[in-house]
Amino acid sequence: MNAIAPIRQILNFSDIQLSYLEWNSGKEPLILLHGLVDCALVWSSLGDYLALNYHIIAPDLRGHGDSSKPENNYLFSDFIADLEALMKHLGWSSAHVLAHSWSAKLLTIWARQDPKRFRSLILVDPFFIGKIPSWFKITFPILYRVLPFLKIMGSFSSYEEAEKLARQLKQYRDWKPLQEQVFQASIEQKSDGTWGSKFVVQARDRIFEEVMQVAGLTQPIDIPTLFVKPQKGLNRTAWQLKPYKTYLKNLQICEVPGNHWAFLVEPEIFNQTVEKFLKAIR
């Protein structure tokens, strides 16, 4: 299959710019949402793979990648408003939507608010789907220091120092060209000469608080849903899967090889899994 390269687009709102990748060869609308700290380019393999049959949009969510980084406005409602505006801009009344990790929780909240928007849901190894007690916020400073995927925020004295750390992270295991491209797209040199993630501190702090204190699943959802469960991902026990089985009434669970970032470390099987699900409900 010949890859179809995406085009980088910019959508201007009154307060921010939303940068996104677009594969515009197919007709069926599909939105791909990255997780915390990541950017749209994590979906480059999947986008290329599905491009002939789907019109694909992968945004850099606010606070990430090449999109704007406001000081405030990182509630789930802010992200949903961005995505609603993006769909309006595209003229889409509904779409298939795939979301990874933190944004999978965002997707379930959006889906329960406006289910007619969705042809299907694909949840890729979600985390923190429930509501966490407010006292847990006191642990955030510790989490910011110890969670490996947040360490890439920097700062680093050189690009080489940042890359050395990145090569130790699960999402960059094996350091294949895809992973190197994703890393390079997610990092930048700052005005003081140091290097760090394009993901910003104010987004991290406000998103973390929102994720912990807002429940993702609170009522039944009938939309066809695929739960992609990596073998070495976050969701490995029955109690973790229970909320999805309880509230998602049209649910399939499919296990794939790889870790939390299966689409980067085992993209071939991941892509085939998503394609099979989408074909089955067309």
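Visitor: Why does Cys-254 count as partly exposed?

Guide: This is a predicted model, in which local features need pLDDT of at least 70 and side-chain atom pairs count only at pLDDT 80 or more, while totals for chains, interfaces and linings use all residues. Residues are numbered from 1 along each chain as its sequence is written, and side-chain values use heavy atoms, with hydrogens and water left out. Buried means under 20% relative accessible area, exposed over 50%, and partly exposed in between (1.4 Å probe, protein chains only). Cys-254 has 27% relative accessibility, so it counts as partly exposed.

Visitor: What makes Cys-39 buried?

Guide: The relative accessible area of Cys-39 is 4%, which is under 20%, so Cys-39 is buried.

Visitor: Why is the pair of Tyr-74 and Phe-79 called tilted?

Guide: Rings of Phe, Tyr and Trp (its six-membered ring) pair if their centres lie within 6.5 Å; planes under 30 degrees apart count as stacked, over 60 as edge-to-face and the rest as tilted. By this rule there are 17 aromatic pairs. For Tyr-74 and Phe-79 the centres are 6.2 Å apart and the planes stand at 45°, so the pair is tilted.

Visitor: What makes the pair of Tyr-172 and Trp-175 edge-to-face?

Guide: The centres of Tyr-172 and Trp-175 are 5.7 Å apart, and the angle of 70° between the planes is over 60, so the pair is edge-to-face. Tyr-172 and Trp-175 also belong to one aromatic cluster with Tyr-159, Phe-183 and Trp-195.

Visitor: How do you know that Trp-175 is buried?

Guide: Its relative accessible area is 11%, so Trp-175 falls under the 20% limit and is buried.
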